[in-house]
Amino acid sequence: MATATFYLIANDSPQATITGFEHYIVYLAHHFARQGAKVYVHCQDKRHAEQLAERFWQVEPTQFIAHNLIGEGPKYGTPIEIGYHGVKPTYNRQLVINLADNHTTFANAFREVVDFVPCEEKTKQLARERYKIYRQAGYQLQTIELQHP
């Protein structure tokens with residue numbers, strides 16, 4: 001069964017900052033890739049994708065996992081592929097981490113979806129709309145609260 005996990009970001013969590021959030025995205029992508037998933041990270045736009053790709057290089061050498069922007073890298077992609085609206089991920093991706101705050105939905109396109117519910121009310125409402133779409137598509141839904149340790 002397809003699953004969608006929404007991470008709720010608390011105002012006081014480390015993920016509420018841009019740097020903390022990007023660090024957490026790198027952590028999550030690495031976590032899923034180490035479990036064997038072919039991960040697609042969907043960014044807001046090309047600039048955001050390029051910025052996040054740079055963040056993936058800023059890990060300890062022992063923590064490094066191959067990644068690439070869509071259109072770069074090997075023919076069948078690396079464990080982690082980074083893209084944005086208007087470009088298509090490699091066909092073999094099972095899991096998407098959605099970072100776009102628009103009406104993007106990946107219902108029926110990926111077996112597993114990771115999404116976020118930010119602190120800001122406008123983007124929180126957009127996340128609620130995506131949640132409803134996944135529920136209507138038959139995804140098993142779960143939420144996880146990210147709080148300050």
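**View 1. The side chain of His67 and its polar partners.** The backbone oxygen of Ala53 sits 3.5 Å from a polar atom of the His67 side chain. There's also a polar contact between the side chains of His67 and Trp57, at 3.2 Å. (A polar contact here is a pair of N or O atoms within 3.5 Å; within protein, one must be able to donate a hydrogen and the other to accept it, and residues adjacent in sequence count only if both atoms are side-chain atoms.) Keep in mind that this is a predicted model, where local features need pLDDT of at least 70, side-chain atom pairs count only at pLDDT 80 or more, and totals for chains, interfaces and linings use all residues. Numbering starts from 1 along each chain as its sequence is written, and side-chain values use heavy atoms, with hydrogens and water left out.

View 2. His67 belongs to E3, residues 67-69 (strands are DSSP runs of E, at least two residues, and helices runs of H or I, at least four, numbered from the N terminus). His67 counts as buried because its relative accessibility is 11% (buried means under 20% relative accessible area, with a 1.4 Å probe and protein chains only). Setting aside neighbours within four places in sequence, His67 touches Ala53, Phe56, Trp57, Thr78, Ile80 and Ile82 (contact means heavy atoms within 4.5 Å).

**View 3. Where helix H1 meets helix H2.** From H1, Thr19, Glu22, Ile25, Val26, Ala29 and His30 contact Gln51, Leu52, Arg55 and Phe56 of H2. Sorted by class, that's five nonpolar, three polar and two charged residues (nonpolar: Ala, Val, Leu, Ile, Met, Phe, Trp, Tyr, Cys and Pro; charged: Asp, Glu, Lys and Arg; polar: the others, Gly among them).

Notes:
Buried means under 20% relative accessible area, exposed over 50%, partly exposed in between (1.4 Å probe, protein chains only).
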